[in-house]
Each structure stands twice: as structure tokens, then as C-alpha cells.
Amino acid sequence: LWPFFVRFHARFAQKFAVINDADGFVNVRNEAKVGNNVSHKLNNNHLVFYFEDNAKGNWQYITYKINNEEAFGYVYKNRLAAVSNFLELPVFKEGKNEIIFKNKNLELQIKVKPFAKNNSKITYLKNTKIVEKINSEKAWGTDGDLPKTQYDFIKLKCNNKHYVLPNKAFENLYEPNLEFTKVYVDAKTNSVFLEATNSDGAGGYTFIIVIQNGVYKESLVLHPF
């Protein structure tokens, strides 16, 4: 899977971004043109996802969530601030089950552990061994099988203050791939973005977690493939 996955990324240039408009919001339209076609208004810093190849002229086709539902539409390209354009936090230490990103002001540590099957409630599709949910939530990263690994913790150290992300930030995200994990920092909004693409070889997904002022703010999880 991974050779294909690397080629996929290189070809389609998938990106997370935040809305950045002088008016404080953008209109999302269901067509790539101005008209009576506004589907939603998104405020600045709203998370979105897009493929650069899905642009039409000055319009970019985006995926986003609103009221916890996935939605799609077009916005002007220059209203998007790609997360990958923010300052990237370099890798300080990397191992099989742990990675640390660090500069002189910030340190973010991620630890992975084996899937805690005995502490999890597994829901299977009726009359099958296909996993439907884990702990009443959609299980990201598998294709019907039990996951093998999961996040243990995510910790942030900023100016000698320590923060631990709540489990709700990552509890249903399985099969972490630390080699496809990046961290970006936006000093203007005091935000840290943790971005990763994970999979067990079939159930691929991509996600981003936002930490603002040392506190977990939100996340966006998608099947982009």
C-alpha cells in the first residue's frame, strides 16, 4: 500500500487549510461561480480539506464539516491558508512507537500502544466478524478487522507548561503511522496543527487535530481516497 500511497500524495497534493478572509468569513458555493448558490458561510480558521487538482480556475473545491456533517463546495483559492505553509515543527526523536517534534519553544510527543481489546466494546455487523464500531464510535483505520495499534497519548510542552490532549481527540483513530505525521505551528493564532495519514493497509484515512492556546480545539477526519 505505502508505495502507492506516496505516489498518491505526490500526484494529487491533498491539503488541509483554514479559512482566511479579510471579511472574517467566506461563502461556500455549490458551483464554481458567483450567483444565488451559497450553501454555507464559514468563519475564519474553519478547517477544510482539498485536492489542488480539484480546482476550477480561481475556485477550489473543498471538503469540510458543519454541524458535524460532511459538506462540499467551492471557495476562492486565495481565501485558504494551507496548514503546510505554517512553520513545520522538526522531528527531534523517532522510534517505532514514539515520535517527538521539537523546537526551542514547543515540544509535541506522540506515543502509540497495542490495541486495548480487553478494555474496548466491540460491535460487529450482524452475523459477521466485521467490526462496525469500537466503544460506540466509528473505527478509523481498519477495513472491518480489529485494529492492532492505537494512540496512547499526545502531549504538548509549551514554555515549560505541559498539556495532555483529552482522549476524545484521538480515541477512535487507529493504526497510527508516525512516519506520515507532521506538526505545524501558526504563531498568529497560537495554534498547533497535528496532521497524519494512517492505515492498516486498507482502511486509510487522514486527519488533523488543532490545539489552540494549549487546549484541544477540534479535529477533522476524512477518507480522502
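First, some ground rules. Numbering starts from 1 along each chain as its sequence is written, and side-chain values rest on heavy atoms, with hydrogens and water left out. Because the model is predicted, local features need pLDDT of at least 70 and side-chain atom pairs count only at pLDDT 80 or more, while totals for chains, interfaces and linings use all residues.

**Strands and sheets**

Strands here are DSSP runs of E with at least two residues, numbered from the N terminus. Two of them pair if DSSP finds at least two bridges between them. In general, strands of a sheet pair through backbone hydrogen bonds, either parallel or antiparallel.

Let's start with strand S1 (residues 14–19). S1 is mostly covered, with 5 of its 6 residues buried; buried means under 20% relative accessible area, exposed means over 50%, and partly exposed is in between (1.4 Å probe, protein chains only). S1 runs antiparallel to strand S4 (residues 47–56), joined by 5 bridges, and Ala17 stands opposite Val48 in S4. S1 is also joined to strand S7 (residues 80–82) by 3 bridges, again antiparallel. There, Val18 has Ala81 in S7 as its bridge partner.

Further along, an open sheet of 3 strands has the order S12-S13-S14, with antiparallel pairing. Strand S12 (122–124) and strand S14 (137–138) stand at the edges with a single partner strand each, so one side of each has no neighbour in the sheet. Strand S13 (residues 131–134) pairs with S14 over 2 bridges in the antiparallel sense, and Lys133 has Lys138 in S14 as its bridge partner.

One more residue to look up is Gly73, placed in strand S6. Gly73 counts as buried, at 2% relative accessibility.

**Rings**

The structure holds 11 aromatic pairs. Rings of Phe, Tyr and Trp (its six-membered ring) pair if their centres lie within 6.5 Å; planes under 30 degrees apart count as stacked, over 60 as edge-to-face and the rest as tilted. Here are two of these pairs.

| Pair | Centre to centre | Angle between planes | Type |
|---|---|---|---|
| Trp59 and Tyr76 | 4.3 Å | 25° | stacked |
| Phe115 and Tyr174 | 5.6 Å | 85° | edge-to-face |

Trp59 is buried, with a relative accessible area of 9%, whereas Tyr76 is partly exposed at 32%.

In the other pair, Phe115 and Tyr174 are both buried. These two also link distant parts of the chain, 59 residues apart: Phe115 is in the loop between strand S11 (106–114) and S12, and Tyr174 is in the loop between strand S16 (161–164) and strand S17 (181–186).

Ring pairs also link Trp140, Tyr151, Phe170, Tyr205 and Phe207 into a cluster. Trp140 has a charge over its ring too: the charged end of Lys138 sits 4.7 Å from the ring centre. Likewise, the charged end of Lys102 sits over the ring of Phe92, 4.5 Å from its centre. A charge sits over a ring if NZ of Lys or CZ of Arg is within 6 Å of the ring centre and within 35 degrees of the ring normal.

On a 1 Å grid over the protein atoms alone, a cavity is a set of points where a 1.4 Å probe fits but cannot get out, and a pocket is an open set with protein on both sides within 12 Å along at least five of seven lines; lining residues have an atom within 4 Å of a point. Grid points are joined across faces, edges and corners, and a volume is the space filled by probe spheres set on the points.

There is 1 cavity of 30 Å³ or more, and the largest cavity has a volume of about 50 Å³. Its lining includes Val18, Asn45 and Phe193.

The largest pocket holds about 530 Å³ of space. It is lined by 21 residues, and the closest to its centre are Lys65, Asn68, Ser219, Leu220 and Val221. S20 gives the most to this lining, with 5 residues.

Note on methods
Helix = DSSP H or I, 4+ residues; strand = E, 2+ residues; numbered from the N terminus.
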